[in-house]
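Subject: Handing over the structure

Hi,

Here is the structure I promised to pass on. Have a look at it first, and then read my notes below.

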Amino acid sequence: MSNTDTAPAEVTCANSEFTGVLHPREVPLGGPRAMLVRRTLPQRDRSMIGAWCFADHYGPHDIRAAGRGMDVPPHPHTGLQTVSWLFEGLIEHRDSAGVHAMVRPGELNLMTAGAGICHSEVSTAETTILHGVQLWVALPDAARDTDRGFAHYAPPPQVLDGATLRVFLGQLADSQSPVHTFTPLLGAQIDLDPGATLTLDVDPGFEHGVLLDQGVIEVCGTTLAVADLAYQAPGPAQLQLANRGDGPARAILLGGPPFTEELVMWWNFVGRSHDDIATYRELWQAGDVRFGDVQGYTGRVARLPAPPLPNGRLKPRPRPSG
C-alpha cells in the first residue's frame, strides 16, 4: 500500500523510551475523496516496533455508501516488506515481479521490495466492505537491496481458552509461520471471547505492540480505543490482554527486537540517507528499470507520481538510546 500523503514528512524520531498508547491520525488513501485510514506508525513518540515501521488500520469501510473502494495505482517501494492482512473484503494485487494475487481475509500476503519494486492494489467489484491493516517492515542494511519477492500464507487458527490466534509471522504459543523474514518478527491476529483474559508468553528481547481492531481490550491495565496501539518495551516475558466488552474483540499483535540501524523513511521509500531517497525518487520519476512495470492495471492513472522532496535535507532516524 502506498503512503499517499502529498507532502510526506521525513521520519527522524528514534526508538524512544515511550511506553504507553499511540493514538492514530486519519489519512486519505488516494486523495481527499477516498477512504480514510488510521495511521499509528510512525509517530514522533515512537517510530518503530521491532522492524515494523508503518501501520495503517482501515474500515469497516462501506464501498456502496462511499461510491469508491481502494484503487492505488502502481507505486514504488524500496528497502522494506509490505504485509497485507484483511478482516473483510477482497483486494487484487499486481507487482513488477510478475505476481498477480488476491488478498483475502485471514491470509498473509508479504511482498519484498528489496532494491526496488512497484505494485498496485484494487478492491474487487464484488467487494462491498473493506476492513484490514497494512503494515511495513524495514529491511536491515545487509538485505535492503535483495531481490523482489512475494509470499502467501493462510495460518491455521489456534484455539486457546477464550481466544483464537492466527500467527502469520514468527512464533507464538504453539503456532509458527513458515514465512521468511530478514529480522526476527512476530505478527498475529488475536480474537478474544467476551470476558476472556489471555496471558501470552512472549520473547523478553522483543518489544511488542497491540493494535485494536474491534471491541474493548485492556492491555497491561490500559483500555484501548479502536486503532489505538499499545506499546510494551522489552523485558517482560508475558503480555496480558483482556476483553472488557460485551461482544467479541480483535487485535493485531506485532513484535520484534529493537531495530538499531539508522533509517530515512520518506513517502514509500526506506533508505539510509537523503541521497538514497533523492536517488530513488529521481529513478521512479524517470521510469527506471530498478522498479519495473506492473502489467494488467487498468485504473485511473498509469502510475502514482512521487511528491516533491522537502526543501531541507532528510535526516536519518537516530539510533535508539538503549
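First a definition you'll need: buried means under 20% relative accessible area, exposed means over 50%, and partly exposed is in between (1.4 Å probe, protein chains only). Please keep in mind that this is a predicted model, in which local features need pLDDT of at least 70, side-chain atom pairs count only at pLDDT 80 or more, and totals for chains, interfaces and linings use all residues. Residues are numbered from 1 along each chain as its sequence is written, and side-chain values use heavy atoms, with hydrogens and water left out.

The overall picture

The chain has two helices and 26 strands. Those are DSSP runs numbered from the N terminus, with at least four residues of H or I for a helix and at least two of E for a strand. Of the 322 residues, 58% are buried. The chain exposes about 12900 Å², and carbon and sulfur atoms supply 48% of that; the areas come from the Shrake-Rupley method with a 1.4 Å probe, and for residues only the protein chains shown count as cover. If you take contacts (heavy atoms within 4.5 Å) between residues at least 6 apart in sequence, 73% of them join residues at least 24 apart.

Salt bridges

Side chains of opposite charge can pair when their charged atoms come close. I use "salt bridge" for a side-chain nitrogen of Lys or Arg within 4 Å of a carboxyl oxygen of Asp or Glu. A search of the whole structure turns up twelve of them.

One of these joins Asp191 to Arg166, with 3.6 Å between the closest N and O atoms. Asp191 sits in strand S17 (residues 186-192) and Arg166 in strand S14 (residues 163-169), so this pair links parts of the chain that are 25 residues apart. Is Arg166 buried or partly exposed? Its relative accessibility is 24%, so Arg166 counts as partly exposed, whereas Asp191, at 19%, counts as buried.

Arg250 and Asp213 form another salt bridge, at 2.7 Å from N to O. Arg250 is in strand S24 (residues 249-256) and Asp213 in strand S19 (residues 207-214), so the pair ties together parts 37 residues apart in sequence. Both count as buried: Arg250 has a relative accessibility of 13% and Asp213 one of 4%.

Then there is Glu261 with Arg272, at 2.8 Å from N to O. Glu261 lies in the loop between S24 and strand S25 (264-266), and Arg272 in the loop between strand S26 (269-271) and H2, eleven residues apart. Glu261 is partly exposed at 24%, while Arg272 is buried at 14%. These two also belong to a network of salt bridges that links Asp141, Arg144, Glu261, Arg272 and Asp276.

Look next at the open sheet of four strands, ordered S5-S10-S7-S8 with antiparallel pairing. Two strands pair if DSSP finds at least two bridges between them. S5 and strand S8 (100-103) are the edge strands, each pairing on one side only. Five bridges join S5 to strand S10 (residues 117-123), and Pro76 stands opposite Cys118 in S10.

Asp71 lies in S5 (residues 71-77). Its side chain makes a polar contact with the side chain of Tyr297 at 2.6 Å. By polar contact I mean a pair of N or O atoms within 3.5 Å; within protein, one must be able to donate a hydrogen and the other to accept it, and residues adjacent in sequence count only if both atoms are side-chain atoms.

Arg303 is in the segment after helix H2 (274-285), and is partly exposed at 30%. Its side chain reaches the backbone oxygen of Trp284 at 3.0 Å. Leaving out residues up to four places away in sequence, Arg303 touches Pro73, Pro74, Trp284, Gln285 and Gly287.

Most residues other than glycine have a negative phi, and most peptide bonds are trans. Here, the bond from Leu41 to Pro42 is cis, with omega near 0°, and a cis peptide bond also joins Gly59 and Pro60. Ala227 has a positive phi, near 75°, and is buried at 0% relative accessible area. Ala173 has a positive phi too, near 55°, and is partly exposed at 37%.

Cheers
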